[in-house]
Amino acid sequence: MIVFDLRCPTGHVFEAWFGSTGAYEQQRNAGLIGCPACGDTDIEKAVMAPAIAAKGHRSSVAPQAMKQAMQMLAAEQAKLLDKSTWVGAGFAHRARAMHAGEESPSLIHGQATVAEAKALIDDGVPVAPLPLPIVPPDQVN
C-alpha cells in the first residue's frame with residue numbers, strides 16, 4: 001500500500017491509500033477519487049514531505065490528546081445525529097427538495113455519491129460530509 005497527499009482545485013488537501021501508483025492513476029482517470037470536503041473529482045497529487053523518522057518516539061500530538069479530541073468529535077456528532085433523520089440513499093433528493101421549498105426543512109443525514117454531493121454543492125444546497133463514519137441503521141448489529 002502507498003499513501004498520497006492529494007489536492008482538489010479548491011486547495012483542500014487530504015490523504016488516500018492505494019495499492020500502487022498505477023491503482024491511483026486508474027482511479028483518478030475514472031473519476032473515482034473525490035475530495036472529502038467538496039466532492040470535486042479533479043484531483044492531483046499534492047507536494048509531500050519525505051517521511052523522516054523523529055528521534056526516539058516523539059509525536060507532534062500526544063496520543064491521549066488525539067484520543068480526547070476524537071471522543072469529543074464523536075460525542076458532538078452523536079448529539080446532532082440524535083436530532084437528525086436517516087434518509088439513506090434518498091439524501092440528495094430530500095436535501096434538494098428542502099432547499100427548493102418543496103419539503104419542510106429538517107435535519108437529515110444519509111448517503112450520497114460523490115457526483116450527487118458535488119451537484120448539491122454546485123447548486124448551493126448546504127451539505128457537509130460527516131467526519132466520522134456512520135453505519136446505516138439497517139446494518140447495525
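Arg 28 counts as partly exposed, at 22% relative accessibility, where partly exposed denotes the range between buried (under 20% relative accessible area) and exposed (over 50%), computed with a 1.4 Å probe on protein chains only. The structure is a predicted model, in which local features need pLDDT of at least 70 and side-chain atom pairs count only at pLDDT 80 or more, while totals for chains, interfaces and linings use all residues. Residues are numbered from 1 along each chain as its sequence is written, and side-chain values use heavy atoms, with hydrogens and water left out.

**Salt bridges**

The side chain of Arg 28 meets that of Glu 44 in a salt bridge, with 2.4 Å from N to O; the term requires a side-chain nitrogen of Lys or Arg within 4 Å of a carboxyl oxygen of Asp or Glu. Because Arg 28 belongs to helix H1 (residues 21-29) and Glu 44 to strand S3 (residues 44-45), this pair ties together parts that are 16 residues apart in sequence. Helices (H or I, at least four residues) and strands (E, at least two) are DSSP runs, numbered from the N terminus. Glu 44 is itself partly exposed, its relative accessible area being 40%. Side chains of opposite charge can pair when their charged atoms come close.

| Pair | N to O distance | Relative accessibility |
|---|---|---|
| Arg 28 and Glu 44 | 2.4 Å | Arg 28 22%, Glu 44 40% |
| Glu 76 and Lys 79 | 3.2 Å | Glu 76 44%, Lys 79 48% |
| Asp 123 and Arg 96 | 2.6 Å | Asp 123 45%, Arg 96 33% |

Glu 76 and Lys 79 both lie in helix H2 (residues 63-82), where a spacing of 3 residues places them about one turn of the helix apart. Asp 123 forms its salt bridge with Arg 96. Asp 123 is in the segment after helix H4 (114-122) and Arg 96 in helix H3 (residues 91-99), so the pair ties together parts that are 27 residues apart in sequence.

Strand S1 (residues 2-7) is joined to S3 over 2 antiparallel bridges, and Leu 6 has Lys 45 in S3 as its bridge partner. Between S1 and S2 the antiparallel pairing runs over 6 bridges, and here Arg 7 has Val 13 in S2 as its bridge partner. S1 and S2 form a hairpin with 5 residues between them, and Gly 11 in the turn has a positive phi of about 105°.

**The chain as a whole**

The secondary structure comes to 4 helices and 5 strands, which follow one another from the N terminus as β-β-α-β-α-β-α-β-α. Of the 141 residues in the protein chain, 23% are buried. The protein chain exposes about 10000 Å², of which carbon and sulfur atoms supply 57%, the areas coming from the Shrake-Rupley method with a 1.4 Å probe and, for residues, only the protein chains shown counting as cover. Among contacts (heavy atoms within 4.5 Å) between residues at least 6 apart in sequence, 49% join residues at least 24 apart.

Note on methods: Two strands pair if DSSP finds at least two bridges between them.
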